[in-house]
2 protein chains.
Amino acid sequence: MMNIGEAAASSGVSAKMIRYYEQTGLIPPAGRTVSGYRTYGPKDVQILRFVRRARDLGFPMEKVADLLALWRDRGRASADVKHLAEAQVQILEARIREMQEMKAALEHLVHSCAGDDRADCPILDDLGGRSACEVRPR
Amino acid sequence: MMNIGEAAASSGVSAKMIRYYEQTGLIPPAGRTVSGYRTYGPKDVQILRFVRRARDLGFPMEKVADLLALWRDRGRASADVKHLAEAQVQILEARIREMQEMKAALEHLVHSCAGDDRADCPILDDLGGRSACEVRPR
DNA sequence: ATAGACCTTCCCACGATGGGAAGGTCAACC
DNA sequence: GGTTGACCTTCCCATCGTGGGAAGGTCTAT
């Protein structure tokens with residue numbers, strides 16, 4: 001059994017976040033010592049690592065909760081897990097595309113700018129609305 | 001001269017955001033009618049559009065403020081603008097890379113999962129920590 | 001016994017955005 | 001003139017996930 005600090009160190013989730021996850025119900029309340037300290041066993045650390053890894057894959061907390069529920073459910077269908085993962089892939093793809101568009105637009109402007117000590121600057125001209133080229137409403 | 005609603009419609013910035021930008025000092029305080037309504041002229045709308053476009057390129061508000069300052073500064077060096085833009089490109093690249101890594105890891109897992117009605121699921125196994133493959137600390 | 005490293009709860013902040021309440025104003029129409 | 005509906009104002013709250021820090025309690029080692 002370990003303190004929250006040790007659990008944090010061995011799971012990669014900060015103590016702050018562990019408390020937050022507990023508070024929001026993502027993870028079950030930790031055990032407590034008589035003096036009120038939270039206690040964690042290896043199984044709890046495994047749960048924390050699970051959360052950490054799912055977050056590293058970009059899942060929002062809500063989806064992490066779904067994944068945890070499936071993890072606990074011995075009678076789950078792997079298809080359900082796969083669907084969650086595929087949906088997440090699509091979300092990532094959309095974000096990547098969006099940012100690539102930004103990057104392309106920005107690089108275009110960068111290339112057109114001399115970048116010297118003169119004031120003339122196509123980047124500012126463009127932002128100022130000289131040639132409208134809507135990127136896409138956020 | 002127009003109301004905030006019209007300024008919002010013709011700049012693509014919501015009325016809420018226009019007030020927020022004013023409150024945080026990103027844009028100068030709008031004029032007011034005797035009854036307290038904010039008033040906007042074409043120049044103000046141009047500023048709003050500038051902000052909108054810079055945000056569309058992913059610049060955080062702080063950098064938008066820098067860009068606005070350069071825009072107003074007749075004696076600027078275009079190199080300063082270009083540096084801001086290049087830094088932003090690098091930030092976008094970093095984010096894109098990060099998300100591509102997530103996506104690749106996730107796709108790998110997706111491909112290894114049968115996605116049928118059986119409980120066996122390599123995705124959950126991986127999240128559960130069976131085979132560690134750190135993605136990278138956030 | 002005291003120091004220092006831990007823990008607890010509680011509140012605040014971020015970045016940008018939206019929602020909504022409570023109340024004032026304007027324009028148009030009868 | 002009066003009413004209606006669309007606008008405007010300010011103010012507060014929520015998001016999402018994370019960190020900072022204060023005020024106070026606990027544990028461990030010297």
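**Close-up views of a predicted model**

**View 1. Chain A and chain B are related by a turn of 180°.** In this predicted model, chain A can be laid on chain B with an RMSD of 0.1 Å, using that turn and a shift of 0.0 Å along the axis. This is the relation of a two-fold axis. The C-alpha of chain A nearest the axis belongs to A:Ile96 and lies 2.9 Å from the axis.

**View 2. The two copies meet through the same surface.** Of the interface residues of chain A, 100% are also interface residues in chain B, so the same surface is used by both copies.

**View 3. A:Leu92 lies in helix H5 of chain A.** Helix H5 covers residues 78-112. A:Leu92 has 20 C-beta neighbours inside 10 Å and therefore counts as buried, since a residue is buried if 20 or more other C-beta atoms lie within 10 Å of its own. Leaving out residues up to four places away in sequence, A:Leu92 touches A:Gly58 of chain A and B:Met99, B:Met102 and B:Lys103 of chain B. A:Ala69 is 23 residues from A:Leu92 in sequence, and their C-alpha atoms are 22 Å apart in space.

**View 4. Residues of chains A and B lie around DNA strand D.** By class, the surface near DNA strand D holds seven nonpolar, six polar and six charged residues.

Conventions
Residues numbered from 1 in each chain as written. Chains lettered and ligands numbered in written order. Predicted model: local features only at pLDDT ≥ 70, side-chain atom pairs only at ≥ 80, totals over all residues. Least-squares fit on C-alpha atoms with pLDDT ≥ 70 in both. Contact = placed C-beta atoms within 7 Å. Helix = DSSP H or I, 4+ residues; strand = E, 2+ residues; numbered from the N terminus. Buried ≥ 20, exposed ≤ 12 C-beta atoms within 10 Å, placed from the backbone. Near = placed C-beta within 6 Å. Nonpolar A, V, L, I, M, F, W, Y, C, P; charged D, E, K, R; others polar.
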